[in-house]
Amino acid sequence: MLCDQCKERDAVVHLTQIVENAVTQLHLCEQCAAERGVETTIATPKHPLGDFLKAVQQQAMVPSAEATRCAACGMSLKDFRATGRLGCARCYGTFQVSLRELLRRVHGSATHAGRSYNGPQPAPWQRANSVRELHDRLKRAIDTEAFEEAATIRDELRGME
Amino acid sequence: MSLDLALLPDGGVGWLDGSGETPDIVLSTRVRLARNVEGFAFTTRARDGERLRVLAQVREAATLIPSLHDAVTVRVDELADIDRLLLHERHLVSKELAGLDAQHPLRAGAAVLVGRDVSVMVNEEDHIRLQALVAGFAPERAWEAALALDRELGTRVPFSFDSEFGFLTACPTNTGTGMRASVLIHLPGLVLTKEISKVLAGLQQMGLTYRGLYGEGSEVVGNFFQISNQTTLGRSEDELLDHLTRVVRHVVEREAEARRVLLRDAGYIIEDKVWRAFATLRHARMLSFDEAMNLLSGVRLAVGLKLITGLSVYTLNKLLIFSQPAHLERLEGRTLSESEGLLARARYVRQMLAAEAPLAG
């Protein structure tokens with residue numbers, strides 16, 4: 001049975017509520033139950049980072065996830081598990097699948113809802129330089145068959161052009 | 001390099017002045033924003049050269065930012081141990097930035113820019129930890145100051161930002177807004193009426209968290225708590241701030257209520273307790289930091305309840321900061337052994353009370 005809330009994960013908590021004499025049944029997965037403040041028998045650590053690292057540990061047990069390294073800084077999930085800190089901004093892209101799940105556990109959401117940010121407006125000559133540089137990097141990435149990086153650079157270029 | 005505290009705007013502790021809303025209960029309000037500079041590995045993974053370049057970028061940008069026009073840049077990595085501890089005691093740098101944390105040795109490029117009400121830690125866990133720290137309960141004022149600085153800095157230094165995840169931080173517990181809003185709050189009433197554990201448990205259920213006087217990992221002493229938002233992602237800065245404001249207001253009301261109850265049901269016991277605390281502070285010859293904190297907590301309660309008059313919250317705040325170990329060593333101009341520290345603290349407290357509250361009673 002799927003969770004009534006997220007409709008993604010299996011429901012493991014079955015909640016019977018009586019509101020104004022009407023009985024309703026709610027089937028929730030562990031995470032949605034926790035988000036609603038329903039206490040389950042599955043103990044969840046209080047400290048957010050503890051919770052987080054535990055989840056990383058589970059993720060890291062998958063061999064492919066363990067082997068992945070951030071192309072920019074060389075960080076692996078194993079390193080992250082040891083320090084609790086990511087290596088660079090690119091790690092968010094590299095580990096995005098694991099991170100979404102983990103952020104949801106820590107914050108109850110994995111999507112930013114705060115201020116947006118555009119960054120400094122570069123001077124025209126800086127722009128031209130960086131477009132050229134990105135084209136060079138894209139070429140290098142394709143030559144070395146670093147397709148993931150190439151895709152990132154391509155997106156960046158699209159944004160700029 | 002030695003540190004000249006007189007150069008720091010307001011000594012870096014303008015928030016001590018005891019102004020603002022409910023200063024006897026809420027000492028200060030802080031909003032900090034975690035940011036990283038695009039193009040560099042995060043601090044702990046960066047090379048020395050990268051960290052120094054981050055610092056150079058921030059310093060250059062700071063010269064053009066109004067709220068940092070009179071800021072002083074302190075190269076924490078070049079300071080002697082005692083001066084780093086001093087900055088930490090003034091809440092201007094974290095234990096990690098000061099290299100006082102065994103897990104995180106002092107890093108090249110560790111620095112802090114100290115302005116009036118605002119400061120910027122560079123090369124802490126994140127490249128940039130900017131904060132506004134103001135007296136009393138003033139979340140909006142602190143937020144406005146932090147936001148203005150963030151906007152100014154963000155137009156000159158490129159921050160790592162992603163439309164899905166928000167501001168990208170080294171630790172995913174800060175991802176999103178990167179914002180931690182906190183109040184330093186004194187809750188002796190709730191501690192004495194034993195209501196505190198319920199209140200603290202309630203905070204956690206409401207997505208807030210508490211720590212001791214020095215933030216993360218520090219113990220609660222002298223009934224001082226730091227209450228802050230736990231999560232940073234999925235809600236806007238305004239929502240997080242509103243939520244904290246509402247809950248803290250409620251805690252302040254609970255504390256005021258607890259104080260009324262104490263006075264009503266055990267007035268003479270409370271009076272005896274606080275007067276004994278005051279007498280000890282005025283006359284003791286040796287004081288440990290923890291003891292001084294606890295006694296100051298009692299006297300602060302008495303000032304709040306107007307049981308003791310002629311003693312300002314400002315004086316109490318100064319005692320809280322300046323009676324710490326590094327401050328005493330600086331005052332005495334030499335390294336102090338443990339027992340010398342106890343003597344120096346008691347002497348400092350006696351002199352301060354005699355000078356600033358001669359008629360207190």
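In chain B, strands β3(B) and β4(B) make a hairpin with three residues between them, and B:D117 in the turn has a positive phi of about 70 degrees. Strands, like helices, are DSSP runs numbered from the N terminus (E, at least two residues, for strands; H or I, at least four, for helices). The model is predicted, so to speak of local features takes pLDDT of at least 70 and side-chain atom pairs count only at pLDDT 80 or more, while totals for chains, interfaces and linings use all residues. Residues are numbered from 1 along each chain as its sequence is written, with chains lettered from A and ligands numbered from 1 in the order in which they are written.

As for confidence, chain B has a mean pLDDT of 93, with 98% of its residues at 70 or more; pLDDT is the predictor's confidence in each residue, from 0 to 100. The model scores are ipTM 0.87 and pTM 0.79.

Strands are taken to pair if DSSP finds at least two bridges between them. On to the next partner: β4(B) also pairs in the antiparallel sense with β5 (residues 128-135) of chain B, over five bridges, and here B:V118 has B:A132 as its bridge partner. This second hairpin has five residues between the strands, and B:N123 takes a positive phi near 70 degrees.

Strand β4 (residues 118-122) of chain B is mostly covered, with five of its five residues buried. Buried here means 20 or more other C-beta atoms within 10 Å of the residue's own, exposed means 12 or fewer, and partly exposed is in between, with C-beta atoms placed from the backbone. One side of β4(B) carries B:V118, B:V120 and B:V122, the other B:S119 and B:M121, and all are buried.

Zooming out, these strands belong to an open, antiparallel sheet of eight strands in chain B, ordered β2-β3-β4-β5-β1-β8-β10-β9. At the edges sit β2 (72-75) and β9 (208-211) of chain B, each pairing on one side only. The twist from one strand to the next averages 20 degrees. Helix α6 (residues 237-283) of chain B packs on the sheet, touching β1, β8, β9 and β10 (224-229) of chain B, and its direction makes about 10 degrees with that of β8(B). Axes are lines fitted to C-alpha atoms, for helices over the stretch in contact, and angles run from 0 to 180 degrees between N-to-C directions.

The largest nonpolar core counts 102 residues, of which B:V76, B:V112, B:V122, B:A146 and B:I185 touch the most other members. Such a core is a set of buried Ala, Val, Leu, Ile, Met, Phe, Trp, Tyr and Cys residues joined through C-beta atoms within 7 Å. Beyond four places in sequence, the contacts of B:V112 include B:V74, B:V76, B:L87 and B:V122; contact means C-beta atoms, placed from the backbone, within 7 Å. A second, separate core of 25 residues includes B:F278, B:I308, B:L316 and B:L320.

Between the chains, 35 residues of chain B are in contact with 30 residues of chain A.

Notes:
Two residues are in contact if their C-beta atoms, placed from the backbone, lie within 7 Å.
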